[in-house]
Amino acid sequence: MPDPTRAPSTRALRLGICGPVGTGKSSLIMTICASLAAELEIGVVTNDIYTDEDARMIRAAGVLPSARVVAVETGACPHTAIRDDVTANLMAVEDLEAAFALDLVLVESGGDNLTATFSPALVDTQIFVIDVAGGGDVARKGGPGIERADLLVVNKTDLAPHVGVAVEEMCADATAAREGRPVLALSRHDPDLVALLLDWVRGQVASHAAGTLVPADPGPMAPHFHAETGWHSHDDHPLTHQH
Ligand SMILES: Nc1nc2c(ncn2[C@@H]2O[C@H](COP(=O)(O)OP(=O)(O)OP(=O)(O)O)[C@@H](O)[C@H]2O)c(=O)[nH]1
């Protein structure tokens with residue numbers, strides 16, 4: 001659970017980035033860091049099942065000082081660490097926030113499938129990333145990330161002609177599944193599309209700082225566990241009857 005003694009506007013915005021394996025989550029994080037590091041103080045927490053590979057890749061890119069990139073090794077299903085028992089991630093985020101005066105902490109989930117989303121106890125807002133290489137029908141398959149993330153990114157649009165996907169159709173399917181929540185077609189090779197992503201991130205940071213951020217409804221989620229406060233329902237109410 002985010003520290004209830006601190007008003008939302010006095011700590012960093014915690015932005016979760018999740019989505020299936022290989023859709024471009026780490027690349028998206030590196031793009032945000034490389035582009036916004038001059039205007040925002042940024043930290044990163046990565047999740048991998050057995051390694052710290054994503055953190056090492058981000059550090060190697062030189063987009064942030066190495067100490068601002070922290071790896072959580074989940075050792076089990078990545079869902080658990082970002083949605084059910086978020087303790088390790090929350091400690092990593094809070095350690096980063098204590099060590100540096102941050103505006104933004106990016107939390108990358110371990111690559112998994114269409115059902116993984118972050119607990120609202122861990123992040124304030126979240127991006128779900130799918131890509132055209134996964135097939136044009138992915139957007140129609142739905143699931144909590146596609147339907148309810150604060151922003152859905154349809155990534156690697158530069159590959160669309162090579163994999164026979166109509167980006168406009170894929171985005172229209174996604175928009176229909178999301179009841180109007182935002183969808184962004186993105187390629188890291190297209191500066192205009194990257195600029196739209198950066199504007200969205202800036203807007204979230206500004207809304208958070210102003211205390212006006214209204215995250216999307218994450219929908220029904222499993223209870224999550226915090227070491228100090230026990231089990232909570234998805235809307236952060238302690239569940240005293242669960243063990
Ligand atoms: N063509 C193209 N390739 C991209 C783009 N973004 C990322 N990639 C490539 O997609 C591959 C996977 O990118 P990552 O950023 O490692 O993906 P990820 O989602 O973090 O992967 P996992 O952590 O393993 O789940 C890499 O080869 C990237 O270079 C893009 O916009 N266009």
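**View 1. The shell around the ligand in a predicted model.** The ligand is surrounded by 16 residues, and the closest are Gly24, Lys25, Ser26, Ser27 and Gly111; a residue is near the ligand if its C-beta atom, placed from the backbone, lies within 6 Å of it. This is a predicted model, in which local features need pLDDT of at least 70, side-chain atom pairs count only at pLDDT 80 or more, and totals for chains, interfaces and linings use all residues. Residues are numbered from 1 along each chain as its sequence is written. The shell holds two nonpolar, nine polar and five charged residues. Here Ala, Val, Leu, Ile, Met, Phe, Trp, Tyr, Cys and Pro count as nonpolar, Asp, Glu, Lys and Arg as charged, and the others, Gly among them, as polar. Helix α1 (residues 25-36) gives the most to this shell, three residues; helices (H or I, at least four residues) and strands (E, at least two) are DSSP runs, numbered from the N terminus.

**View 2. Val21 and Lys25, two positions of the annotated binding site.** In an unreviewed entry, UniProt lists Gly19, Pro20, Val21, Gly22, Thr23, Gly24, Lys25 and Ser26 under "binding site"; UniProt positions are given in the numbering used here, feature names are shortened, and annotations may be inferred rather than shown by experiment. Which of the two is buried and which is exposed? Val21 is exposed because 11 other C-beta atoms lie within 10 Å, and Lys25 is buried because 27 do. The terms mean 20 or more other C-beta atoms within 10 Å for buried, 12 or fewer for exposed, and partly exposed in between, with C-beta atoms placed from the backbone. Val21 lies in the loop between β1 (13-18) and α1, while Lys25 lies in helix α1. Leaving aside neighbours within four places in sequence, Val21 is in contact with Gly111 and Asp112, and Lys25 with Ile17, Gly19, Glu108, Gly111 and Val129. Two residues are in contact if their C-beta atoms, placed from the backbone, lie within 7 Å.

View 3. Beyond four places in sequence, Leu106 is in contact with Leu15, Ile17, Ile29, Ile32, Ile42 and Val44. Ile42 is in strand β2 (residues 42-48) and counts as buried because it has 26 C-beta neighbours inside 10 Å.

**View 4. Ile127 in strand β5.** Ile127 lies in β5 (residues 125-131). With 29 C-beta neighbours inside 10 Å, Ile127 is counted as buried. Not counting residues up to four places away in sequence, Ile127 touches Leu15, Ile17, Ala149, Asp150, Leu151 and Val153. Trp200 is 73 residues from Ile127 in sequence, yet their C-alpha atoms are 10 Å apart.

**View 5. The buried face of helix α8.** Met170, Asp173 and Ala174 are the buried residues of α8 (residues 167-177). They line one face of the helix, because they fall within an arc of 95° seen down its axis; the arc is that of the directions from the helix axis to the C-beta atoms. These buried residues pack against α5 (138-141), α6 (144-148), β6 (151-155) and β7 (183-185). Just after α8, Glu179 takes a positive phi of about 50°.
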